[in-house]
Amino acid sequence: ETQSRPDGSLLWLRTNKLLLHDREGKVTGVIGTYEDITARKQAQKKMADALRYTQKILDTSPLGIITYKASGEAVAANPASARLVGANIEQVAAQNFRHLESWRRSGLLALAEEALASGGPCHGEAHMTTTFGKEIWVETRFVPFTYADEPHLLTLFEDITERKRMKDALQQSETKFKTL
């Protein structure tokens, strides 16, 4: 229940009421308590706002962001990570990085394991064909962290395929120029 304070702000109250009855069942009185839960409601609103803000950042990030448990199961993925590998979020979130052949062949698995073993961030570039058939170059950062007393891995992926293609084209052009 809410009430307005003299300054116009809202006061949130939790009420408990007990109706007293006589022998015929007629209400003869009320015993009640009020508890001011305004601070709790304000904290809940701030928490909900912070969660929406964080989700907005993840949803609009151009970097692919996936979190995994150290055992390999995906915990969360953002839309950019799904676009990067040619899948949808549900498909990415259903994967276990320890079982991905594309990670094993490209060296990403070794980097992820290095980050988890060292407890510090690792980064690198990899050329791979994703589980979903998309050929890409990625720059990857692996950052280990602990959540709920369990080791996790934050992965940040950036698609650098176009940058690699441009670099290769420039090198080929330079080679042709030198030959001439």
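Mentor: Let us begin with contacts. Ala80 touches Ser61, Pro62, Leu63 and Gly64, not counting residues up to four places away in sequence. This is a predicted model, in which local features need pLDDT of at least 70, side-chain atom pairs count only at pLDDT 80 or more, and totals for chains, interfaces and linings use all residues. Residues are numbered from 1 along each chain as its sequence is written, and side-chain values use heavy atoms, with hydrogens and water left out.

Trainee: What makes Ser61 a residue that Ala80 touches?

Mentor: Contact means heavy atoms within 4.5 Å, and Ser61 is among the residues listed for Ala80.

Trainee: Why is Ala80 called buried?

Mentor: Buried means under 20% relative accessible area (1.4 Å probe, protein chains only). Ala80 has a relative accessible area of 5%, and is therefore buried.

Trainee: In which helix does Ala80 lie?

Mentor: Ala80 lies in helix H2, residues 79-85; a helix is a DSSP run of H or I with at least four residues, and a strand is a run of E with at least two, numbered from the N terminus.

Trainee: What makes S1 and strand S2 a pair?

Mentor: Two strands pair if DSSP finds at least two bridges between them. Three bridges join S1 to strand S2 (residues 10-21), and the two run antiparallel. Within S2, Trp12 is the bridge partner of Thr2.

Trainee: What is the order of the strands in the open sheet?

Mentor: The order is S1-S2-S3, with antiparallel pairing. Strand S1 (2-4) and strand S3 (27-36) are the edge strands, as each pairs on one side only.

Conventions:
Buried means under 20% relative accessible area, exposed over 50%, partly exposed in between (1.4 Å probe, protein chains only).
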